[in-house]
Amino acid sequence: MKQKKIPMRMCLGCNEMKPKMELIRVVRSPEGEISLDFKGKAAGRGAYICRSAECLEKARKARRFEKSFSCKIEESVYEVMLNELGSEKENG
């Protein structure tokens with residue numbers, strides 16, 4: 001029996017290839033809104049990150065989201081993402 005291929009994505013923080021299900025999708029909607037997409041179904045350009053604030057910080061410092069989405073990202077957007085990441089961890 002053929003084993004189902006696991007979709008792999010690269011984390012923008014640690015640059016490691018990981019199964020898509022282990023990562024959180026960050027999406028830029030057609031309107032230009034940047035947000036965390038926990039379901040992975042939102043419309044727009046996606047980039048992936050580990051479920052750790054550490055990786056989010058690394059990606060933020062290296063401006064990897066800005067390169068990936070080719071747009072400027074406000075500090076406030078990162079703050080919201082960090083908060084969402086924190087609350088997602090607490091809720092399990």
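Here are some notes on the chain, from its overall layout down to a few single residues.

1. First, a caution: this is a predicted model, where local features need pLDDT of at least 70, side-chain atom pairs count only at pLDDT 80 or more, and totals for chains, interfaces and linings use all residues. Residues are numbered from 1 along each chain as its sequence is written, and side-chain values use heavy atoms, with hydrogens and water left out.

2. The chain has 5 strands and 3 helices, and from the N terminus they come in the order β-β-β-β-β-α-α-α. Helices (H or I, at least four residues) and strands (E, at least two) are DSSP runs, numbered from the N terminus.

3. On overall size, the C-alpha trace spans about 50 × 30 × 25 Å along its principal axes.

4. How much of the chain is buried? Buried residues make up 32% of the 92. Here buried means under 20% relative accessible area, exposed over 50%, and partly exposed in between (1.4 Å probe, protein chains only).

5. Now for helix α1, residues 53–61: its buried residues are Cys 55, Leu 56, Ala 59 and Arg 60. Looking down the axis of α1, these fall within an arc of 140°, so they line one face of the helix. The arc is that of the directions from the helix axis to the C-beta atoms. On the face turned away from the buried side sit the exposed residues Glu 54 and Lys 61.

6. With 14% relative accessibility, Arg 60 counts as buried. Which residues does Arg 60 touch, leaving aside neighbours within four places in sequence? They are Glu 75, Tyr 78, Glu 79 and Leu 82, where contact means heavy atoms within 4.5 Å.

7. Two backbone spots are worth checking in the viewer. Arg 63 is not a glycine, yet has a positive phi of about 55°; this residue is found in the loop between α1 and α2 (64–69) and is partly exposed at 41% relative accessibility. Ser 70, also a residue other than glycine, has a positive phi near 45°. Ser 70 lies in the loop between α2 and α3 (75–91) and is exposed, with a relative accessible area of 65%.
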